[in-house]
Amino acid sequence: MTDTSFQPRVFSGIQPSGDLHLGNYLGALKRFADAQNQGVESIYCMVDLHAITVWQDPRDLRHSTRELCAGFIASGIDPEKSILINQSQVPEHAQLAWIFNCVARIGWMNRMTQFKDKAGKNAEKASLGLYAYPSLMAADILVYHATHVPVGEDQKQHLELTRDIATKFNHDYGVDFFPITEPVIEGTATRVMSLRDGSKKMSKSDPSDMSRINLTDNADTIARKIRKAKTDAEPLPESIDGLDDRPEARNLVNIYAALTDRTQQQVIDEFAGKQFGQFKPALADIAVERMSPITTEMARLMDDPAEIDRILTRGATRAREITAPILRKTYDIVGMVGATA
Ligand code: TYM
């Protein structure tokens with residue numbers, strides 16, 4: 001349950017580690033933009049410190065961070081209404097993460113499935129940062145006293161850990177200082193799947209570019225990827241139950257529903273009994289119609305990287321008005337000399 005003594009505040013982050021894809025757009029960016037006018041203070045973060053938990057070429061990282069910022073703005077996030085930052089310009093994130101490294105238990109970290117997936121069989125060779133990743137993520141959220149975190153399904157475990165860290169900190173120090181954050185995992189696209197395999201999530205780390213639609217893909221590429229998406233031989237069913245055991249069909253229906261702000265049932269009602277030969281071109285048209293303006297706007301914004309940098313610097317100044325007092329108070333609670341709350 002959310003602690004009602006904290007004012008509502010939204011925080012979410014995306015890694016600048018390669019191209020944004022349709023899963024990031026539908027699972028995160030579009031939802032951020034849709035929620036923007038609800039009057040809740042919102043902070044959105046390019047988590048560059050998280051990105052370097054696996055190797056990043058410095059030039060690529062700079063480019064990806066700016067491109068991600070362009071992606072946020074092109075998706076409809078207004079940098080005046082919301083606060084847009086890159087993590088490394090707000091040092092309180094990393095400072096609070098250290099405190100949380102001393103609160104979180106190794107046993108908790110050992111249960112993180114994302115670490116196991118990313119480290120693979122050779123966990124001994126993974127960076128220490130990759131292991132401590134969820135502790136920094138908890139700090140991202142809690143250094144703002146954020147109450148709501150909109151994310152895709154894959155981040156659920158990390159958000160549970162964030163709640164565990166807040167609970168243990170409050171308990172150990174006998175305070176009610178950090179809120180117990182609410183994950184917001186809603187809508188038809190909380191888990192967009194690969195276009196090549198309906199049992200795997202769409203991901204930037206999938207070696208096949210055909211498995212995902214990138215926000216930088218042009219209209220022809222988007223249409224081709226949808227045409228070639230894996231499906232089965234059956235027509236679309238009459239009811240949602242008919243999508244059980246048909247992960248690829250379900251995925252395409254979900255994508256269509258999310259892109260058009262409709263429910264699965266409404267999509268099924270329109271396409272029941274139709275073959276993929278008819279459904280896929282309709283989906284491709286919608287995808288191109290919705291994505292192309294974003295791609296074009298991203299490219300336009302990337303023509304002026306200095307303006308993007310100014311937006312991020314201004315965002316950091318605004319963010320630190322929130323984070324600096326919370327970090328100071330945390331240090332004071334922990335017993336650091338010189339920290340006056
Ligand atoms: P990242 O960069 O992997 O993904 C960014 C956001 O996109 C969502 N997402 C998806 N949603 C639906 N279907 C998919 N196939 C899909 N793939 C990705 C993710 O759930 C996420 O919401 N650890 C985070 C970044 C992070 C963060 C935070 C998020 C760091 N600090 C604090 C929230 C709050 C990550 O790696 O997301």
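1. A residue counts as buried under 20% relative accessible area, as exposed over 50%, and as partly exposed in between (1.4 Å probe, protein chains only). At 24% relative accessibility, R66 is therefore partly exposed, and D309, at 29%, is partly exposed as well.

2. The model is predicted, so local features need pLDDT of at least 70 and side-chain atom pairs count only at pLDDT 80 or more, while totals for chains, interfaces and linings use all residues. Residues are numbered from 1 along each chain as its sequence is written, and side-chain values use heavy atoms, with hydrogens and water left out.

3. A salt bridge places a side-chain nitrogen of Lys or Arg within 4 Å of a carboxyl oxygen of Asp or Glu. The whole structure has 18 salt bridges. One of them joins D309 and R66, at 2.8 Å from N to O. This pair links distant parts of the chain, with D309 in helix 13 and R66 in helix 3 (residues 58-74), 243 residues apart. Helices (H or I, at least four residues) and strands (E, at least two) are DSSP runs, numbered from the N terminus.

4. R9 and E41 also form a salt bridge, their closest N and O atoms being 2.9 Å apart. R9 lies in strand 1 (residues 9-14) and E41 in strand 2 (residues 41-46), so the pair ties together parts 32 residues apart in sequence. R9 is buried, at 11% relative accessible area, whereas E41 is partly exposed, at 31%.

5. D209 pairs with R212 in a salt bridge, with 3.6 Å between the closest N and O atoms. Through shared partners, salt bridges join D209, R212, D217 and K225 into one network.
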